[in-house]
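Let's take a friendly walk through this structure, starting with its aromatic rings. Keep the 3D view open as you read.

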Amino acid sequence: MTLHPPSGDPNRFGTEAFYAALGRAFVAMCAVVPFLFLIEALDQGLAAGFDTAAGIIPKRIDGLDGVFFSPFLHHGFDHLYSNSIPLILLGTFVLAAGARRFLWSTLVIILVSGLGVWFTGSSTSVVVGASGVIFGYLGILLTRGIVERSWWNFAVFLLVGLLYGWQLVGILPTDERISWQGHLFGLLGGVVAAIIFRRRRDLGGPYRSESTLTMP
């Protein structure tokens, strides 16, 4: 038999399950940010030099491990503050569509963004920050709106575009202190992840949802 959530499909806008998933995702993303602040506090309090030790150093083998570690590091609290709100906002809507898709999509974004920076960035720079992931989530919402015909994903993209549209220039080489490569490749990683991990429609039926439990 097939068991469905009693309050509807969490991927369908307006259902109780949708708002419940959104609430859980918001709480989860709000828990991520204090973890990032803890890392930054330890870095500064212990003078540990996490940025240099674990950031991305383009075109250098000893800087390749930063592909995985750099999204958790920031150049000071001001840098982290500027990333916190868009990370929570965008991450909430991406996570609400399913934890498994969220984790795999985030991994793809980290890889595409990080490797893009490593191959194309300046070898004299050290790149850290979650902005590549943020732009990746933006790419996911835009692409899901198209490939899944999800108008609410597209609506969120437009809303964020209105709130943070000025940051989209970050994908262009405008400021040497900003890794536009991380932003650009993060956005592309989000597009790729949204296509690879898109919800698929059964023939003649609705989209399949992670929350649907099938039993013999």
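Which residues form one aromatic cluster? They are F37, F77 and Y81. Keep in mind as you look that this is a predicted model.

Across the whole structure, a search finds five aromatic pairs. F37 sits in helix α1 (residues 16–45) while Y81 belongs to helix α4 (residues 77–95), so their pairing ties together parts that are 44 residues apart in sequence. Y81 itself is exposed, with a relative accessible area of 51%.

Now move along to F102 and Y137. Their ring centres lie 5.6 Å apart with the planes at 35°, so this pair is tilted. F102 is in helix α5 (residues 99–120) and Y137 in helix α6 (residues 131–147), so here the pair ties together parts 35 residues apart in sequence. Both F102 and Y137 are buried.

F102 leads us to the rest of its helix. With 22 residues, α5 reaches 31 Å from its first C-alpha to its last, close to the 32 Å expected at 1.5 Å a residue. The buried residues of α5 include F102, V108, I109, I110, V117 and W118, and also R101. What covers the buried residues of α5? The covering elements include α1, α3 (66–69), α4, α6 and α8 (180–196). Among them are α1 and α4, the helices that hold F37 and Y81.

Notes:
Residues are numbered from 1 along each chain as its sequence is written. This is a predicted model: local features need pLDDT of at least 70, side-chain atom pairs count only at pLDDT 80 or more; totals for chains, interfaces and linings use all residues. Side-chain values use heavy atoms; hydrogens and water are left out. Rings of Phe, Tyr and Trp (its six-membered ring) pair if their centres lie within 6.5 Å; planes under 30 degrees apart count as stacked, over 60 as edge-to-face and the rest as tilted. Helices (H or I, at least four residues) and strands (E, at least two) are DSSP runs, numbered from the N terminus. Buried means under 20% relative accessible area, exposed over 50%, partly exposed in between (1.4 Å probe, protein chains only). The expected span of a helix is 1.5 Å times one less than its number of residues. Contact means heavy atoms within 4.5 Å.
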